[in-house]
Amino acid sequence: MIVCILLAAGRSERFGGKKLLATLPNGKTVLQTTLENLCASGLSIVMVVRDDAALEQHVQRLMAIHSEVIVVKNTAADSGMASSIVCGVLAAKDATGWLIALGDMPYVRPQTYQAVAEAVTSASAIAVAATNAKGGQPVGFGRGYVDALCALKGDTGARGVITAHPQSVSLIEVGDLGIFQDIDTPEDLRA
């Protein structure tokens, strides 16, 4: 079973704070839209959040609808994205692999998550969503990377794991421009 780890514990510094709670043109928050698309994929989800009262209230409202999602609080969120990946992997340590998804990418389609998860067919597989041979998000890792993912530190995410195993990386063509569209600034909300 592949488990999706939804990273929602960032500081949102470039945005000016609380970007996951910002409203998109669809009238929903960034996090709500991302979570709805991910839930529509049918994957099991572990959402990693930071200790933040406003985020916690929003997540509680979302969990009333999406009760199947497991929420894990990352008390070391300020140390960087890697700590959230570690929290998620440890919360789903019995999985056969993990899909890493970002909470600030609301335009990734459900089918994209499914395609990347389906491409993690072995313990040594790394699958990267791609459009026109350019990699984006999400990225999937087979069970063989559990130690490497749990050893991550800092704010570069799992990029080092991908770089260290180029022979295991498969680009999964999804034709989804949402794999490149993250929300980093208020201007990105209008995209």
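The protein chain has 191 residues and a radius of gyration of 15 Å, which agrees with the value near 16 Å that a compact globule of this length would have; the radius is taken over C-alpha atoms, and the globule rule is 2.2 Å times the number of residues to the power 0.38. This is a predicted model, in which local features need pLDDT of at least 70 and side-chain atom pairs count only at pLDDT 80 or more, while totals for chains, interfaces and linings use all residues. Residues are numbered from 1 along each chain as its sequence is written, and side-chain values use heavy atoms, with hydrogens and water left out.

**Overall build**

- Along the principal axes, the C-alpha atoms of the protein chain fill a box of roughly 40 × 35 × 30 Å.
- The protein chain holds six helices and seven strands, arranged along the sequence as β-α-β-α-β-α-β-α-β-β-α-α-β; helices (H or I, at least four residues) and strands (E, at least two) are DSSP runs, numbered from the N terminus.
- Buried residues make up 51% of the 191 residues, where buried means under 20% relative accessible area, exposed over 50%, and partly exposed in between, with a 1.4 Å probe and protein chains only.
- Of the contacts with a separation of 6 or more, 72% are between residues 24 or more positions apart, a contact being heavy atoms within 4.5 Å.

**Nonpolar core**

- The largest nonpolar core has 60 residues, among which Leu-31, Leu-35, Met-47, Phe-141 and Leu-149 touch the most other members; such a core is a set of buried Ala, Val, Leu, Ile, Met, Phe, Trp, Tyr and Cys residues joined through side-chain atoms within 4.5 Å.
- Strand E1 (residues 2–8) supplies the largest share of this core, with seven residues.
- Leaving aside residues up to four places away in sequence, Met-47 touches residues including Leu-6, Ala-8, Leu-31, Leu-35 and Val-59.
- In soluble globular proteins, nonpolar side chains tend to be buried together.

**Helix H1**

- Helix H1 (residues 30–40) is largely enclosed by the rest of the structure, because eight of its eleven residues are buried.
- The buried residues of H1 are Val-30, Leu-31, Gln-32, Thr-33, Thr-34, Leu-35, Leu-38 and Cys-39, and their cover includes E1, strand E2 (44–49), helix H2 (53–65), strand E4 (97–102) and helix H4 (110–118).
- H1 is followed by Gly-42, whose phi is positive, near 85 degrees.

- Strand E5 (residues 126–131) is mostly covered, as six of its six residues are buried.
- Ile-126, Val-128 and Ala-130 point one way from E5, whereas Ala-127, Ala-129 and Thr-131 point the other way.
- In a regular strand the side chains alternate between the two faces of the sheet.
- E5 pairs with strand E6 (residues 134–142) in the antiparallel sense over five bridges, with Gly-140 as the bridge partner of Ala-127; two strands pair if DSSP finds at least two bridges between them.
- Two residues lie between the strands in the hairpin of E5 and E6, where Asn-132 takes a positive phi near 55 degrees.
- E5 also pairs with strand E7 (residues 169–173), in the parallel sense over five bridges, and Ile-172 in E7 is the bridge partner of Ala-129.

**Cysteines**

- The count of disulfides is zero, a disulfide being a pair of cysteine sulfur atoms within 2.5 Å.
- The sulfur of Cys-39 is 9.4 Å from the closest cysteine sulfur, in Cys-4, and is therefore too far for a bond; Cys-39 is buried, with a relative accessible area of 15%.
- For Cys-87, the closest cysteine sulfur is in Cys-150 at 9.8 Å, also too far for a bond.
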